[in-house]
Amino acid sequence: MLKPIYQCKAIILAVLIAVSATALTAKSDAIQQLINRQIAAFKADDFPLAFSFASPVIQDRFGTPEQFGQMVRRGYPMVYRPSRVDFLDVIETPTRSIQRVMITDEAGVTFLLDYEMVQISGEWRINGVMVVRLPEVNT
């Protein structure tokens with residue numbers, strides 16, 4: 001039988017783990033919703049809306065929703081017109097969160113993307129997307 005002090009510590013630890021897991025789930029859900037909303041905006045060719053989900057750094061770099069949309073169409077066609085989007089892990093660093101996403105394009109080619117997410121004034125924004133090289137499979 002555990003001593004009362006150990007029982008209290010075990011209960012506190014369990015509560016902290018549960019609260020932490022809930023916070024991570026809420027964060028992950030918010031990030032995934034934002035990415036889904038941007039992808040939906042791309043599918044609708046609503047570049048002003050898609051641009052609004054980008055961080056100020058990205059907005060400054062491209063200047064206008066039209067230039068941003070042109071960059072996405074040319075450089076990230078799998079994001080512009082995906083046929084499937086699967087959310088994987090969120091990778092935490094001291095300064096940012098990376099949402100790993102597997103996207104299949106209209107031709108059936110699968111890509112692994114890292115969405116760098118930043119929080120600005122309590123709101124999540126996309127601060128960049130990087131295509132991650134998939135490991136080659138020997139057949």
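1. Let's start with the aromatic rings. The structure holds five aromatic pairs, where rings of Phe, Tyr and Trp (its six-membered ring) pair if their centres lie within 6.5 Å; planes under 30 degrees apart count as stacked, over 60 as edge-to-face and the rest as tilted. Take phenylalanine 42 and phenylalanine 47: their ring centres are 6.3 Å apart and their planes stand at 50°, so this pair is tilted. Phenylalanine 42 and phenylalanine 47 are both buried (under 20% relative accessible area; exposed is over 50% and partly exposed in between, with a 1.4 Å probe and protein chains only). Through ring pairs, Phe42, Phe47, Phe51, Phe62, Phe68 and Tyr80 are linked into a cluster.

2. A word on the model before going on. It is predicted, so to speak with its limits stated: local features need pLDDT of at least 70, side-chain atom pairs count only at pLDDT 80 or more, and totals for chains, interfaces and linings use all residues. Residues are numbered from 1 along each chain as its sequence is written, and side-chain values use heavy atoms, with hydrogens and water left out.

3. Arginine 81 lies over the face of tyrosine 80, at 4.0 Å from the ring centre; the criterion is NZ of Lys or CZ of Arg within 6 Å of the ring centre and within 35 degrees of the ring normal.

4. Now the overall layout. The protein has five helices and four strands, taken as DSSP runs numbered from the N terminus (helices are H or I, at least four residues; strands are E, at least two). Along the sequence the pattern reads α-α-α-α-α-β-β-β-β. Of the 139 residues, 32% are buried. Among contacts (heavy atoms within 4.5 Å) between residues at least 6 apart in sequence, 41% join residues at least 24 apart.

5. Strand by strand, S1 and S2 pair over eight bridges in the antiparallel sense, and a hairpin of four residues joins S1 to S2. Valine 85 has isoleucine 103 in S2 as its bridge partner. Strand S2 (residues 97-105) and strand S3 (residues 110-120) also pair antiparallel over eight bridges. Here glutamine 99 stands opposite tyrosine 115, and isoleucine 103 opposite phenylalanine 111. S3 and S4 run antiparallel and are joined by nine bridges, with valine 132 in S4 as the bridge partner of leucine 112.

6. The hairpin of S2 and S3 has four residues between the strands, and glycine 108 in the turn has a positive phi of about 90°. In the hairpin of S3 and S4, with two residues between the strands, serine 121 takes a positive phi near 50°.

7. Which residues have the most contacts inside the largest nonpolar core? They are Ile35, Phe42, Phe68, Val79, Ile103, Tyr115 and Met117, in a core of 25 residues. Such a core is a set of buried Ala, Val, Leu, Ile, Met, Phe, Trp, Tyr and Cys residues joined through side-chain atoms within 4.5 Å. H1 gives the most to this core, with six residues. Beyond neighbours within four places in sequence, isoleucine 35 is in contact with Phe87, Gln99, Val101, Tyr115, Met117 and Ile126.

8. Is serine 28 buried or exposed? Serine 28, in helix H1, is buried, with a relative accessible area of 16%, and contacts Val90 and Gln99, leaving aside neighbours within four places in sequence. Glutamate 106 lies in the loop between S2 and S3 and is exposed, at 64% relative accessible area. Not counting residues up to four places away in sequence, glutamate 106 touches Arg81 and Ser83. Glutamate 106 and serine 83 are 23 residues apart in sequence and 5.2 Å apart in space, C-alpha to C-alpha.

Terms used:
Pairing = 2+ DSSP bridges.
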